[in-house]
Amino acid sequence: MKIETITKQHDRKNFDCGHEELNNYLRSTARQSDTKRSTRTWVLVDDDVPTAILGYITLVPSEQDFPEGSKAARTFGKNVPIYRLAKLAVDKNQSGNGFGHLLLTHAIHLAVAASESVGGTGVVVDCKNSDVVGFYMRYTEHFMPISDDGLTLWLPMTVCAKIVNC
Ligand SMILES: CC(C)(COP(=O)(O)OP(=O)(O)OC[C@H]1O[C@@H](n2cnc3c(N)ncnc32)[C@H](O)[C@@H]1OP(=O)(O)O)[C@@H](O)C(=O)NCCC(=O)NCCS
């Protein structure tokens with residue numbers, strides 16, 4: 001099993017996580033966006049069949065505002081630098097094998113490494129629905145809701161660093 005950056009060799013057509021938007025992003029946008037360095041997409045593959053994508057993540061450096069009056073808003077102000085986990089998806093034939101967890105851990109490692117050289121206050125995810133919030137909270141209860149609908153979650157870089165150093 002390995003996680004590597006997306007290339008033309010990866011079979012993007014046959015990936016199906018059950019969400020058309022996430023399938024289409026992988027098929028049509030991920031590689032081009034990666035080539036332009038707008039985002040970075042990492043795919044999980046099996047050593048025996050290295051072209052088949054089991055799951056993927058897309059990360060992008062971004063900015064975030066925290067809820068007015070919150071401790072995070074007081075601490076960091078506005079337009080706060082973060083790393084957005086813009087996509088995370090696992091092929092539906094592979095669900096429940098721990099690959100989502102593995103990819104999330106990889107994203108956190110990448111964010112910590114980047115923050116050590118250029119800063120960044122944490123990882124932000126925009127959950128598609130409240131079911132997915134459960135997945136992130138199961139990983140660590142330190143994910144904090146920072147939007148009114150509770151679907152945008154922030155994991156402070158201090159927590160990310162602890163996860164990486166465990
Ligand atoms: C959400 C998703 C990434 C999870 O991937 P996965 O590989 O099946 O998850 P894992 O096997 O790593 O699961 C890790 C843990 O989270 C739990 N979990 C998985 N999905 C969950 C959910 N929706 N709510 C609560 N817990 C969930 C698992 O039961 C498992 O717990 P355990 O370790 O105690 O058994 C995957 O189902 C997926 O791609 N869904 C469609 C796309 C999507 O919604 N992406 C998220 C965009 S924000």
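Guide: Gladly! Let's start with residues 32–136, whose end C-alpha atoms lie 28 Å apart; this span is 35% helix and 30% strand. Helices here are DSSP runs of H or I with at least four residues, strands are E runs of at least two, and both are numbered from the N terminus. An unreviewed UniProt entry labels residues 32–136 "domain: N-acetyltransferase"; UniProt positions follow the numbering used here, feature names are shortened, and such annotations may be inferred rather than shown by experiment. Do keep in mind that this is a predicted model, in which local features need pLDDT of at least 70, side-chain atom pairs count only at pLDDT 80 or more, and totals for chains, interfaces and linings use all residues. Residues are numbered from 1 along each chain as its sequence is written.

Now look at Val60, which belongs to strand E3 (residues 55–64). Ser38 sits 22 residues away from Val60 along the chain, yet their C-alpha atoms are 7.2 Å apart.

Further along, strand E7 (residues 152–156) pairs antiparallel with strand E5 (residues 122–126) through five bridges, where pairing takes at least two DSSP bridges. In that pair, Gly122 faces Pro156 of E7. Strand E6 (residues 144–145) also runs antiparallel to E7, joined by two bridges, and Pro145 is set opposite Leu153. The hairpin of E6 and E7 has six residues between its strands, and Gly150 there adopts a positive phi near 75°.

Stepping back, the protein chain holds five helices and seven strands, in the order β-α-β-β-α-β-α-β-α-β-β-α from the N terminus. Its radius of gyration is 16 Å, close to the 15 Å from the globule rule for 166 residues, so the chain is as compact as a globular protein of that length; the radius is taken over C-alpha atoms, and the rule is 2.2 Å times the number of residues to the power 0.38. Along the principal axes, the C-alpha atoms fill a box of roughly 50 × 35 × 30 Å. Buried residues make up 34% of the 166. Among contacts with a separation of 6 or more, 62% join residues 24 or more positions apart.

Key
Buried ≥ 20, exposed ≤ 12 C-beta atoms within 10 Å, placed from the backbone. Contact = placed C-beta atoms within 7 Å.
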